[in-house]
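This briefing goes through a protein chain by topic. Please look over the sequence and the 3D structure before reading on.

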Amino acid sequence: MFNKVLVANRGEIAVRILRACREIGMQTVAVYSDADRQALHVRYADEAYYLGPAPSRESYLRGDKIIEIARASGAGAIHPGYGFLAERADFAQACLDAGLAFIGPKPSAIAAMGDKAVARATVSAAGVAVVPGTEGEGSLSDEDLLALGPRIGFPLLVKATAGGGGKGMREVRSLEEMPGLLHAARREAEASFGDGNVYLEKLVEGARHIEIQILADTHGNVIHLGERECSLQRRHQKLLEETPSPFVGDDEALRQSMGAVAVRAAQAVEYVNAGTIEFLVDKDKNYYFLEMNTRLQVEHPVTEAVTGIDIVKEQIRIARGRQMRYSQEDVKLNGWAIECRINAEDPYTGFLPSTGVVTHSLLPTGPGVRVDTGVYPGFEISPYYDSLISKLIVWGETRAEAILRMRRSLEEYKIVGVRTNIPFHQNLMDSPRFMGGQFDTRFVEERFSMDGAEEVRHQNAHIAAILATLVAHRQTQRAAHVIRRNERDTSNWKWLSRWERLQK
Ligand code: MV4
């Protein structure tokens, strides 16, 4: 049984995994590229080995080299994190062939869920609802698809079978525009995945994106850890996740029903370890399987915050062949958690990536606050990898408390040297639609604006009385502040009145 883990990743997730290993007494091995010689994950690990030049394909995607390092260093297991090699069935198989444990599912489960048409057919056969569309696993010709389109009905979506993340996806409104869009989708899928195969699904409009975290061990136990609301995203990049979903809310029947269906979908591929089932949920609470992510996800900490379960430690236990420490009855959702993804991107210039040295940073702390990051003052954010600097996760007893805590934490958070999307999140926290939980997957792109002039709000005596107390409290707080409030911040005064209006 292994007692040394190689973490085949970088940034905040590598640090997150190393921390779990440290807590349970596992020895750790990090790997790094030229751009990451000074990175936190390298410093944190017991040992670190050089992979190659900065570009991913010459470093973090070098599965052969990583396996060689694992063997040479005496690591008995590889944790892939997310991205890079995490969902490559061939890499998982190569680990097993080298006598290494892969901290994740079996190669067959990765492969079955990686092909979206196979995934649809597999879970559908297990009784899981999928969006109406083409059926089966084989590749379909344009002729086939043009015949099937009208039967499914418009509007529909062309999706890449090798896809995920919206690549190779096209919305089709009529039969006339279908040939051109099929061609464009195939070309994009071919360029992105080396596979131009596509399938069709009816378009579900105004849907929310809600996912269920599952855990499965090698003893046949499969449990779910509730849902995460992931509708707030831009160009298929999630920006904020929360749990519970404001849309599921206290509909415990819906939560348990989605959870049970997610478990069934996982069982359909004999799933082991941590995984996530994505659902589209329409306004009438009908839900449909979208895809399964066969990895640890970026947003896993919100689930950890409300369940108290350390998902990464559980992943390692499972990979060691142990039973999970929890049964479904043990899983209780306590309070509310929100995660903001802090990216090195400028929200005022259309989210252009921002690179450079982080000269100073001041992290928010205090009750109910967690920051997962791989960045520290002096570290250079390079253009080679994703722009995620950190994840700011807050917990509150209620959604309102979590939002207030997030606003407070965003104000405290100071990063100097690169531009970040913190102002975007501050704006979002002030958005009445966000506060009211009234948003779907189009919200950020279609209804949200960064130049929102503050609306003037009438304030009645009742609100004023509450606010007087709040302002007094604020002043004591401010006396202790080293950092000045951001000019763009909405005052608590305005914010509370918005909140009050929403509660009416
Ligand atoms: C959909 C859909 C509506 N109807 N499928 C986007 C990425 C990929 N994971 C699937 N996606 C969607 N599939 C049907 N039949 C809407 C989306 C979608 C979306 C899904 C989740 C999160 C954000 C999204 C943004 C736009 C579209």
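In S10, which residue is the bridge partner of Ala216? The bridge partner of Ala216 in S10 is Val222.

The model is predicted, so local features need pLDDT of at least 70 and side-chain atom pairs count only at pLDDT 80 or more, while totals for chains, interfaces and linings use all residues. Residues are numbered from 1 along each chain as its sequence is written, and side-chain values use heavy atoms, with hydrogens and water left out.

**Whole chain**

- The chain holds 17 helices and 22 strands; helices (H or I, at least four residues) and strands (E, at least two) are DSSP runs, numbered from the N terminus.
- Of its 504 residues, 55% count as buried, where buried means under 20% relative accessible area, exposed over 50% and partly exposed in between, with a 1.4 Å probe and protein chains only.
- Among contacts (heavy atoms within 4.5 Å) with a separation of 6 or more, 67% come from residues 24 or more positions apart.

- Strand S9 covers residues 208-216 and is mostly covered, with nine of its nine residues buried.
- In a regular strand, side chains alternate between the two faces of the sheet.
- In S9, Arg208, Ile210, Ile212, Ile214 and Ala216 point one way, His209, Glu211, Gln213 and Leu215 point the other way, and all are buried.
- S9 pairs with strand S12 (residues 273-281) in the antiparallel sense over nine bridges; two strands pair if DSSP finds at least two bridges between them.
- Within that pairing, Arg208 stands opposite Val281 in S12.
- S9 also pairs in the antiparallel sense with strand S10 (residues 222-234), over six bridges.
- A hairpin is formed by S9 and S10, with five residues between them, and Gly220 in the turn has a positive phi of about 90°.

**The sheet S7-S6-S8**

- Three strands form an open sheet in the order S7-S6-S8, with antiparallel pairing.
- Its edge strands are S7 (170-172) and S8 (198-202), each of which pairs on one side only.
- Neighbouring strands of this sheet are turned by 30° against each other on average, direction ignored; axes are lines fitted to C-alpha atoms, for helices over the stretch in contact, and angles run from 0 to 180 degrees between N-to-C directions.
- Strand S6 (residues 156-160) pairs with S8 in the antiparallel sense over five bridges, and Leu157 has Glu201 in S8 as its bridge partner.
- Helix H6 (residues 116-125) packs on the sheet and touches S6 and S8, with its direction at about 50° to that of S8.
- Helix H8 (residues 178-193) packs on the sheet as well, touching S6, S7 and S8, and its direction makes about 170° with that of S7.

**Helices H3 and H4**

- The axes of helix H3 (residues 63-73) and helix H4 (residues 89-97) come within 10 Å and cross at roughly 25°.
- H3 and H4 are therefore roughly parallel to each other; angles under 35 degrees count as roughly parallel, over 145 as roughly antiparallel, 65 to 115 as roughly perpendicular and the rest as oblique.
- Gly63, Ile66 and Ile67 in H3 meet Phe91, Ala94 and Cys95 in H4.
- The residues of this contact divide into five nonpolar, one polar and no charged; Ala, Val, Leu, Ile, Met, Phe, Trp, Tyr, Cys and Pro count as nonpolar, Asp, Glu, Lys and Arg as charged, and the others, Gly among them, as polar.

- Gly99 lies in the loop between H4 and strand S5 (101-102) and is exposed, with a relative accessible area of 64%.
- The C-alpha atoms of Gly99 and Gly76 are separated by 7.7 Å, and the two residues are 23 residues apart along the chain.
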